[in-house]
Amino acid sequence: MEPNFWQNKWQSNKVGFNQSKPNTLLMKHFSALQLPPNSCVFVPLCGKSIDMVWLADQGCDVVGVELVELAVEQFFEEHQIQPTIVEHPNTPNLKYYQGHLDSQTITLWVGDIFELTAQDLGSVDAIYDRAALVALPDDGSEDSLRVRYSQQLIKLAPKAQQLLLSFGLSGVDEAEYAKYSGPPFLIPSQKIYSYYQQAYEISLVEAYETQQVNSEGNPFLNLAWQLVPH
């Protein structure tokens, strides 16, 4: 995906992927991570997600990264948080906005996730991926954007467990997935394992059929995964 694709989405306010309420799978399964108070949760490709407010309400510090600065500006404006803006000392294309929601710190990086380092993020206890993996294409090559992204997450927070949300189809083989363009992309379960099994123990904690079906009547799925580092 070219950066202009997402810039245009936010500039034209075509952000139907942005939810007005916290994600139900997040609220249902976040406790399974068993994080202590003031843990840090990393939210990749975060946009202005209301889920970050919910995470802060649970007593977590939040660090996110978003390509489009407008989304980050809107997050702080909509929640009436006055942020401090800090330029990266070594990487001109990176900066972060930082503010506080009650006693929790929210730090949102603006820039390309592939330019971030583990040192930039600091200590991360968990990763919450609702809309990142499903937003990236996989053309089948070893260096596809989705493969590179999954490897980058492992580099950025190698000791952090992950709550990953994805979309699928019920009762079809992997070849059927190629018929559907994104974003968001449908991701076969086998692909989740291929991206992450070298670094994590992977558990499917919930999969439920939605009311939407494809042309053959197969229901679309919402899936939640828990990934625990080896």
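Predicted model: local features only at pLDDT ≥ 70, side-chain atom pairs only at ≥ 80, totals over all residues.
**Entry 1: N38**

N38 has 48% relative accessibility. I then checked where N38 sits. N38 is in the loop between α2 (24–29) and β1 (40–44). Next came the backbone. The phi of N38 is positive, near 65°.

**Entry 2: D102**

Where is the place of D102? I found D102 in the loop between β4 (95–101) and β5 (104–110). Is D102 buried or exposed? Its relative accessibility is 70%. The cut-off for exposed is over 50%, so D102 counts as exposed. I read the phi of D102 as about 55°. That value is positive, although D102 is not a glycine.

**Entry 3: G182 to P184**

I turned to the peptide bonds here. What is the peptide bond from G182 to P183, cis or trans? I noted it as cis, with omega near 0°. I moved on to the bond from P183 to P184. This peptide bond is cis as well. Its omega is near -5°.

I also placed the prolines. P183 lies in the loop between α7 (174–177) and α8 (189–196). P184 is found in the loop between α7 and α8.

**Recap**

I logged cis bonds from G182 to P183 and from P183 to P184.

Conventions:
Residues numbered from 1 in each chain as written. Heavy atoms only, no water. Helix = DSSP H or I, 4+ residues; strand = E, 2+ residues; numbered from the N terminus. Buried < 20%, exposed > 50% of the residue type's maximum accessible area, 1.4 Å probe, protein only.
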